[in-house]
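Biologist: I'd like to learn how to read a ligand site and then the fold around it. Could you walk me through one?

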Amino acid sequence: MNYYDYVIIGSGIAGLYTALLAKEQGSVLVITKGSIEDCNTRHAQGGIAAAIGQDDSPDLHYKDTIAVGNGLCDEEAVRILVDEAPARIAELVNIGVPFDTLDGRIALTLEAAHSVPRILHAGGDATGEHIEVTLSRRVRAARIPVLEDSQAAEVLVGKNAVAGINVLDCHTGSTEIFECRHLILATGGAGQLFKFNTNSDIATGDGIALAFKAGAEIMDMEFFQFHPTALHLPGVTPFLISEAVRGEGGILRNAEGHRFMPDYAPQGDLAPRDVVARSILHEMKKTGADHVYLDVTHLSPDVITTRFPHIYRFCLDHGLNITKELIPVAPAAHYMMGGVKTNSWGETNISGLFATGETACTGVHGANRLASNSMLEVVVFSKRIMERTNKGAKTGSSAAHKRQEVHRKLSKRNVAGSSPAPSFSSLQQLSWNNVGVIRDRDGLSRAADILETWQQKLPPPTDRPSHELHNLVLTGRLITEAALLREESRGAHFRSDFPKASAEWQQHIVFTTE
Ligand SMILES: Cc1cc2nc3c(=O)[nH]c(=O)nc-3n(C[C@H](O)[C@H](O)[C@H](O)COP(=O)(O)OP(=O)(O)OC[C@H]3O[C@@H](n4cnc5c(N)ncnc54)[C@H](O)[C@@H]3O)c2cc1C
């Protein structure tokens, strides 16, 4: 049978959690381009935020989220996020996610820009792995079919609604169409656009590119979060050193040993991520080093090995004993705040097409994401997709909240002149150099020109790597052109030629094809 009530693309927390709920409401197929456990979710360390502590409340969680989002959060979506969080956490506990406990209660830790400890974690710093393993076991137990090594290659849209998906068999190169009533994109982020990133190799912006080509609106793409502290060891792929390490007392020092964050922000080492990332780059420039240090040597070795067993083990395997030595770190691309624009029911502007997880833009993060709100966003809004599509409920697209939006198409640029050959590594280098932590008009214009040339030059895709390159180039164009349009600095988007926020830009950039 090639027709399903729900076809879900992706098998991270968004895909698998949604599949478990969808199974209660109809036939379901999950399609994923690697193995079921290839995803960013598996790498999440810090945890998942929810106001369940005694000194906490949804109101406080709301205020923290709004503050970090720098004037661009969708307030209605944030209200839903924080209010529905405790119930969704209870469901995760019910399906078996083994959150860490202390004295019989769920243990909570602090992360940057949260006013109180509110981050639930599992296995110390292995939260994502525990969530992914629990969900994939549940999906198998529920006998939900999962098509692995199968890459969604084209969203098919009929006259008024989504019709299905064209899928590439990554082994044979053949394609097959799956028809459905509801198509749910849960394809994750696009960190692979950048040379230094913390993401899994699946994060190639596929959902963004497929949705955009099908006519979906794409919002907030200029807001890409760069995590300040990725391990920076020669020859080692950047590996995230969770913010929870600073939450537990870790201190940033420059190459000369100076504790620098209090010089930049009153919150010191726990300032918002964009502030810490730029401060680190400043210190790197000042000292001529390609990294700074994270110091946890003053913490008890027991705290380090029990709270951060995964980080401790990874560093030790690479010759670094973090209980005794400083950890070299530098910023790396981490999380895509923008994505396929949805309303608070996960609906896009195409009837029957939904997006959830990192590939979606519900508006909860605004210009920057509060740490550990992303996995929470997944469970809250995936549940709402299911409520919306439940038993005959109306699923036609409905207007998003009242957001201030400016609508644009990708520009037609002058693409004369030579540019390097389009390849994965040249794309990553181009984006890191010109569309990274600190941006300006010259660099962004150069990148936008080259990206359009590449898009024209690339031969039609035939296999997974060539589809991914196509998708990343298009996603890169959306990010670069949004960053070029936004002549101000706000949240994760920093322009050295427009270093201040501008009231005129308190609005969202939405790209459309029509
Ligand atoms: C190192 C790291 C640490 C993090 N720590 C935290 C944290 O502590 N707390 C927090 O809240 N968030 C954290 N995040 C962010 C969070 O993990 C992600 O935002 C979240 O897990 C995304 O889930 P997802 O299901 O949307 O995407 P993913 O988990 O990335 O899953 C995407 C899925 O889509 C599949 N896919 C993609 N394209 C296609 C295609 N064309 N066809 C078929 N399948 C496709 C992929 O193979 C994958 O299965 C972290 C991220 C990273 C990288």
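Modeller: Gladly! Let's begin with a polar contact, a pair of N or O atoms within 3.5 Å. Here a polar backbone atom of glycine 47 sits 2.6 Å from a nitrogen atom of the ligand. An oxygen atom of the ligand is 2.9 Å from a backbone N or O atom of methionine 375.

Biologist: How much of the ligand's accessible area does the protein cover?

Modeller: Accessible areas come from the Shrake-Rupley method with a 1.4 Å probe. On its own the ligand has 990 Å², and the protein covers 98% of that.

Biologist: Which residues come nearest to the ligand?

Modeller: A residue is near if one of its heavy atoms lies within 4 Å. There are 37 residues around the ligand, and Thr41, Gly47, Asp206, Glu358 and Ser374 come nearest.

Biologist: What should I know about the model itself?

Modeller: It is predicted, so local features need pLDDT of at least 70 and side-chain atom pairs pLDDT 80 or more, while totals for chains, interfaces and linings use all residues. Residues are numbered from 1 along each chain as its sequence is written, and side-chain values use heavy atoms, leaving out hydrogens and water.

Biologist: How many of the protein's residues are buried, as a percentage?

Modeller: Buried means under 20% relative accessible area (1.4 Å probe, protein chains only). Of the 514 residues, 61% count as buried.

Biologist: And what about contacts in the protein between residues at least 6 apart in sequence?

Modeller: Contact means heavy atoms within 4.5 Å. Among those contacts, 73% join residues at least 24 apart.

Notes
Polar contact = N/O pair within 3.5 Å; in protein donor to acceptor, adjacent residues only side chain to side chain. Buried < 20%, exposed > 50% of the residue type's maximum accessible area, 1.4 Å probe, protein only.
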